[in-house]
Amino acid sequence: MSNAGTGPEAEIEGHLRRIAEEGYTILENAIETDFIDEIADALRKVEAELGAVPADNLFEGVHTTRVYNLLVHGPTFEKIPVHPDVLPVVERVLDPGALISSLSSIAIGPGERAQPIHADDQVIPLTRPHIPIICNTMWAITDFTEENGATRVIPGSHLRDQAPNPLEHYDTIAAEMPKGSVLVWVGSLWHGGGANLTDTRRVGIAMNYCAGYIRQQENQQLGIPPKLVSTFPRRLQELIGYSVYNGLIGHIDKQHPAKYVLTADEGVEMVWDLLKQ
């Protein structure tokens, strides 16, 4: 019996169609329960060690606890960017030269108000609409519901010719999803964290990616010590930025950064190597 139209490739194609049309999709129950619990435990320990507290601005949230640069906080977080059920979707939205833009946690506490509606790429001066240059994901470490602050989205807004005004009110819907699911959206989608009307935290991991030809939100090369990067698997090193986009962008004095900084035996050809006589 033919399996045409079914299987992992068909699922990815379905998600890509939804992203193209609506600006987002949900990978339901994509992450193993044991791994989600491992992340939750690791995050609680990091928050305690850092004494993490909410910020003092309405964008980050005055009842929302965030931890940035999670890749320096242990091997649990190193497994997130390369997850085999999430990264292939991101690579198809952008391309395999995608980079980690940022990896952080967002725990919306009781009493938090809805975050201002925004687009993740609105600080980048490009005419809209444009091709995806950012593809972000939100991992549900707890259930995401209308009541506890599920991310709010405006379907199709990524196709508009302008960015939202964070000071204005917009009609949105809640991207509800069960624990272990992943919300994937393009950077032009209008969205924001929801208000938490419950007495428990809504916890998510923001695993964000960008195209290999634009600057990352968090400076991965300065934020993560090279000695630590040298212990990462090769694909994670590439996603951090120890890579070269299309044989040119990101080189160091014509050298591949993995060879220059990590002394790795890197076999990627540079663009000038392809043009030798």
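Buried denotes a relative accessible area under 20%. The legends below apply this term to a predicted model.

**View 1. Strand β9 and its two sets of side chains.** Strand β9 is mostly covered, with nine of its nine residues buried. In a regular strand the side chains alternate between the two faces of the sheet. From β9, Arg202, Gly204, Ala206, Asn208 and Cys210 point one way. Val203, Ile205, Met207 and Tyr209 point the other way, and all of these residues are buried.

**View 2. The open sheet of six strands.** The strand order is β1-β7-β4-β9-β3-β2, and the pairing is antiparallel. The edges are formed by β1 (24–27) and β2 (64–67). Each of these two strands has a single partner, so one side of each is left without a neighbour in the sheet. On average, neighbouring strands of the sheet are turned by 20° against each other, direction ignored.

**View 3. Helix α1 against the sheet.** Helix α1 (residues 8–22) packs on the sheet, where it touches β1 and β7 (182–186). The direction of α1 makes about 145° with that of β1.

**View 4. Pairing of β4 with β9.** Strand β4 (residues 134–140) and strand β9 (residues 202–210) run antiparallel and are joined by seven bridges. Isoleucine 134 has cysteine 210 of β9 as its bridge partner.

**View 5. Pairing of β3 with β9.** Strand β3 (residues 99–108) also runs antiparallel to β9, and nine bridges join the two. Isoleucine 108 stands opposite arginine 202 in β9. Arg202 is one of the buried residues of β9 and points the same way from the strand as Gly204.

View 6. A disulfide requires a pair of cysteine sulfur atoms within 2.5 Å. Cysteine 210 is likewise in no disulfide, its nearest cysteine sulfur being that of cysteine 135. A search of the whole structure finds zero disulfides. Cysteine 135 counts as buried because its relative accessibility is 0%. Cysteine 210 is buried as well, with a relative accessible area of 1%.

Conventions. Residues are numbered from 1 along each chain as its sequence is written. This is a predicted model: local features need pLDDT of at least 70, side-chain atom pairs count only at pLDDT 80 or more; totals for chains, interfaces and linings use all residues. Side-chain values use heavy atoms; hydrogens and water are left out. Buried means under 20% relative accessible area, exposed over 50%, partly exposed in between (1.4 Å probe, protein chains only). Two strands pair if DSSP finds at least two bridges between them. Helices (H or I, at least four residues) and strands (E, at least two) are DSSP runs, numbered from the N terminus. Axes are lines fitted to C-alpha atoms, for helices over the stretch in contact, and angles run from 0 to 180 degrees between N-to-C directions. Contact means heavy atoms within 4.5 Å.
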